[in-house]
Amino acid sequence: MHQHIFTQPIVSEIKQPTLLTLRLLDSVSDLLVLSAMSNPLIEFVISQVSATEATLITRHQPFISLVYESSLQIVEKFDQVRLIGQGFRLYPMMGIAPRVCIDQLRKGLTLNIQPDQSVYFSLEKNARFELISLEQDLRILSEPHALVMAKAILGRKFDYDEPSSMLAVHISELEQVRRDLREYLKGESGKIHPGVSTELLKLDHLLQNKHQWLLRTYHQSLERPSLGRSSNEQMSNIEQLQRKLDCFELLAPQDVSDMVNKLSDDEI
């Protein structure tokens, strides 16, 4: 499962308390990461374990780098305790804006690993991700992903003041959710209850309205550095610069003015 998104398995030896840092590669764009956020980011399986060391088989999405380093930190509460043959996957939390998860991955997400007969795993405090054991990973069996994402994005508040680059990410995410929703409706045509089909169509209409709002906000952010600045501000700046130039011409010596005029004429 997930062979199409993961790298080849990597065998790692853990011989002491270890910090594993997951970080996005610098060359990877937010839009590429956005398209992969519905899938697990990394998968661990315990192949060997003893009182002092463990062997992990790891697969992860190729845009993520892994860095292991020794840790002196003692963790009292763990998110997962795994035995030999068991494992887990790391997912973004449901309902969290993808940009928040992407930002955290840009900075680096830390996972504490400690072997001691079992292998103990714990995410850093305030992580926007969750560890789900393999035997309890029901994401692919739960409510259709397209429907979950549609509800999540409709319930999210967007900020007028976000930069245009982040608004573009929101727009791409929304377009992707609408596309997935339409594909689901098309594939399940005649198989789902008419009431459910009507609800999905309503969700798509609401997503369309939000998409139009985001597009309008995006274009406004490109036209003006800030929505709080007036549209004639550029003209005001030009007039201010012209007044400064007039003052310089009055105060500058005649030979300097003549030299500037000559240079300007030569460039033209």
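Reader: Over how many bridges do E2 and strand E8 (residues 109–116) pair?

Author: E2 and E8 pair in the antiparallel sense, where strands (E, at least two residues) and helices (H or I, at least four residues) are DSSP runs numbered from the N terminus, and two strands pair if DSSP finds at least two bridges between them. This is a predicted model, in which local features need pLDDT of at least 70 and side-chain atom pairs count only at pLDDT 80 or more, while totals for chains, interfaces and linings use all residues. Residues are numbered from 1 along each chain as its sequence is written, and side-chain values use heavy atoms, with hydrogens and water left out. The number of bridges between E2 and E8 is five.

Reader: Which residue of E5 is the bridge partner of Thr21?

Author: E2 is also joined to strand E5 (residues 64–70), the two running antiparallel with seven bridges between them. On the E8 side, Thr21 stands opposite Thr110, whereas in E5 the bridge partner of Thr21 is Val67.

Reader: How many of the seven residues of strand E2 (residues 18–24) are buried?

Author: Buried here means under 20% relative accessible area, with exposed over 50% and partly exposed in between (1.4 Å probe, protein chains only). Strand E2 is largely enclosed by the rest of the structure, because the number of its seven residues that are buried is six.

Reader: How far apart are the closest N and O atoms of Arg82 and Glu135?

Author: The structure holds seven salt bridges, each being a side-chain nitrogen of Lys or Arg within 4 Å of a carboxyl oxygen of Asp or Glu. One of them joins Arg82 and Glu135. Arg82 lies in strand E6 (residues 80–82) and Glu135 in the loop between strand E10 (129–133) and helix H3 (145–154), so the pair ties together parts that are 53 residues apart in sequence. Arg82 is buried, at 6% relative accessible area, and the closest N and O atoms of the pair are apart by 3.0 Å.

Reader: What is the N to O distance in the salt bridge of Asp204 and Arg178?

Author: The side chains of Asp204 and Arg178 meet in a salt bridge. Because Asp204 lies in helix H5 (residues 194–223) and Arg178 in helix H4 (residues 164–187), this pair ties together parts that are 26 residues apart in sequence. Both residues are buried, and the N to O distance is 3.1 Å.

Reader: Is Arg182 buried or partly exposed?

Author: Asp204 also forms a salt bridge with Arg182, at 3.9 Å between the closest N and O atoms. Asp204 is buried, with a relative accessible area of 13%. Arg182, at 41% relative accessibility, counts as partly exposed.
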